[in-house]
Amino acid sequence: MNTLFSESNYNALYQWSLSNPEAFWDSQAKHFLHWIKPWTEVMHQDANRTHAKWFNGGKINVAYNCIDRHLEEHGDKVAIIWESDDSSETKKVTYKQLHEEVCKFSNVLKNKNVKKGDRVCIYMPLIVETAEAMLACARIGAVHSVVFGGFSAKSLSDRIQDAECKIVITANEGLRGGKIVPIKNIVDQALESCPGVNSVIVVKRTDSKTQMLDSRDVWYHDEITQVSNNCPVEEMHSSDPLFILYTSGSTGKPKGILHGSAGYLLHVCMTYKYVFDHQDDDIYWCTADLGWVTGHSYVLYGPLSNGATTLMFEGVPTYPDASRYWQIIDKYKVNTFYTAPTILRTLTAFGNEPVNKYSLKSLRLLGTVGEPIDVETWNWYFERIGKKRCPIIDTWWQTETGGVLISQLPDEVTDQCGTNAHPFLGIEPSLVDDNENLTTERSGNLVIKQPWPGQMLTIYGDQKRFEETYFTSCDKGGYYYPSDRALIAEDGTVRVTGRADDTLNVSGHLFGATEIESALIQHIDVAEAAVVGFPHPVKGQGIYAFVAMNQNAQSSEDLHNELRQVVRDQISAVAKPDVIHCATELPKTRSGKIMRRILRKIANNDFSDFGDTSTLVNPSIVNDLIESCENNQS
Ligand code: ATP
Ligand code: MG
């Protein structure tokens, strides 16, 4: 197999990308994308280096790059494979069919008076029409703001108002894990506080009776009968916005990240090709929902801009049982599989039996994203799913970065978690200390020295927050500051260890929360762990460990002692938790991340104001934790 990103190719390309970025990006943009008009300037940066404009003067259309340009040679190739929640329904959509459907959707939007630059909210289950709606926006130059279909009416309405959307695309109902999600009802509630929205387009997902508001709501299947299947693409400037997407809210109020057209597309197109080692006949499956950035970049725009076949699964990994993912991999002969540690941890809890029923022999490459992966989960993924033959790419990136910035190379099988990750082409990582000075220490706060094409444009409507949040004042400003900590080895390989505010300083010893959590998870009774600091009169910071137990496990003095012993054995006696708080569940965002800022407040006995908790899957867990504080602590 011909892998573009083998070590020697990578080294040569990487050197070129840093030594002559202008020539490098110029050549990549010509190679990877179709342009309506070429650019006059590769990159333009403002004086304080917080703003980089890519491919100035150029014109492009993202939907054209994802669909139209593949039609001549690959019109009959399957672009999207879709599997329904209960597997009773599947769809295969070719590039030709996708083109027709997206043109029709574009014309429906135009009939609703949606114009270039207008914001369109998409609140949908994971169905093919969701992808078509996004591509239709891109085709006509509207800016989509996809809100994950599991969010509450309040969260939806906040996002609609913040992005000033004038129209909502939704479905009557969604299906997830055998349950009905009343999507349209939630939209109705949300719109009570969104006077700016005057149209709702409703896709019929189920046959249930649906309340429609005559003056506002239309059925998508009625509207498409009135439009043609031809729609010319809108010519977009390189930096015209493509979408707004809200971050998961792990660390505070969600931010409306605004991404542009050409730079973003180039980054996801290149990373999909290089990092995911795209081969023409691949069946590729990224399990993310289109409502998260991983869905935008690596379910939709990255694969389709490469003319790939991308699989979308409407349901959840545990329905009808915990073998569902493995069954889908065998059913469609998936070659590349990309998922999140939180999902893998959920599945490991079911043991190996659900996996053993399936061969998984089509798999060639595995990926993970979303948070640091612990050793135990990584080993399981490597041995049980990849059968020790598939490399695992642990991809570090953020909503803000557009696409992958750090990951392993796809042709290297390393049998050790967390090693050998390289910066992507053009990405120059470095470390700063807590005073924002560049440091040559091997551990510190990550910064990225040079801008890259997929970098966000701004926070929608809040340029000040954008500049304050993401740029350090070190070295005259301009370094991108992701708020994550990392280790950079002498050979330049990088390991992101956790968020900047997850570091604990215990009696002068620094520990990452993740390393302590990784140790705790290895205990057989522990499903998940989250470690935070609290003020300690002697040590400076004490260690407070929240532990979600496996079913049938009980909190006991013995268990607490065993957990402390695991940490002592694996890390150090200094890292032993002062407090162990056993719980049935931890508070998680809807993208599966533990919301540590809440745990930090609980650990600090501060139960006053938990800030924005609207992105939590189950907000009642917070009260359970507060109530169990006294009973469970030791
Ligand atoms: P918010 O910014 O609102 O707190 P969020 O940071 O959870 O939300 P995302 O942009 O989805 O929203 O997540 C990016 C973050 O996830 C990264 O900054 C990092 O902390 C973590 N992350 C993602 N992938 C990895 C990975 N492979 N290894 C370690 N951490 C990762
Ligand atoms: Mg973040």
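Here is a short tour of this predicted model, stop by stop.

Before you click, note that residues count from 1 along each chain as its sequence is written, while chains are lettered from A and ligands numbered from 1 in the order in which they are written. Local features here need pLDDT of at least 70 and side-chain atom pairs pLDDT 80 or more, with totals for chains, interfaces and linings using all residues, and side-chain values use heavy atoms, leaving out hydrogens and water.

**Stop 1: the eight-stranded sheet**

Helix and strand labels follow DSSP runs numbered from the N terminus: helices are H or I with at least four residues, strands E with at least two. Two strands pair if DSSP finds at least two bridges between them. Now colour β12-β11-β8-β6-β7-β14-β15-β25, which is the strand order of an open sheet with mixed pairing. Its edges are β12 (217-219) and β25 (458-459), each pairing on one side only. Then pick residues 167-171 and 199-203: these are β8 and β11, parallel partners over five bridges. Zoom in on T170 and you'll find V202 as its bridge partner in β11.

**Stop 2: the four-stranded sheet**

Next, select β23-β24-β26-β27, another open sheet, this time with antiparallel pairing. β23 and β27 (494-499) sit at the edges with a single partner strand each, so one side of each has no neighbour in the sheet. Neighbouring strands here are turned by 50° against each other on average, direction ignored. β26 (residues 484-488) runs antiparallel to β27, and five bridges join the two. Look for I488, which stands opposite V494.

**Stop 3: aromatic rings**

Rings of Phe, Tyr and Trp (its six-membered ring) pair if their centres lie within 6.5 Å; planes under 30 degrees apart are stacked, over 60 edge-to-face, and the rest tilted. The whole structure holds 43 such aromatic pairs. Show F5 and F424: they make a tilted pair, 5.9 Å centre to centre with 50° between the planes. These two are 419 residues apart, F5 in the segment before α1 (7-19) and F424 in the loop between β22 (422-423) and β23 (429-432). Both F5 and F424 are buried (under 20% relative accessible area; over 50% is exposed and in between is partly exposed, using a 1.4 Å probe and protein chains only).

Move on to F32 and Y274, an edge-to-face pair at 5.8 Å centre to centre and 65° between the planes. F32 belongs to helix α2 (residues 21-32) and Y274 to helix α9 (residues 262-274), 242 residues apart. For a cluster linked by ring pairs, select W16, F24, W25, W35, W39, W54 and F55.

**Stop 4: two helices crossing**

Axes are lines fitted to C-alpha atoms, for helices over the stretch in contact, and angles run from 0 to 180 degrees between N-to-C directions.

**Stop 5**

Most residues other than glycine have a negative phi, and most peptide bonds are trans. Go to Y319 and P320, where the peptide bond is cis with omega near -5°. P320 is in the loop between β17 (309-313) and α11 (324-332). R49, not a glycine, has a positive phi of about 60°; select the loop between β1 (41-45) and β2 (52-56) to find R49. Finish at N113, also not a glycine, with a positive phi of about 70°, in the loop between α4 (95-111) and β6 (119-123). N113 is partly exposed at 43% relative accessibility.
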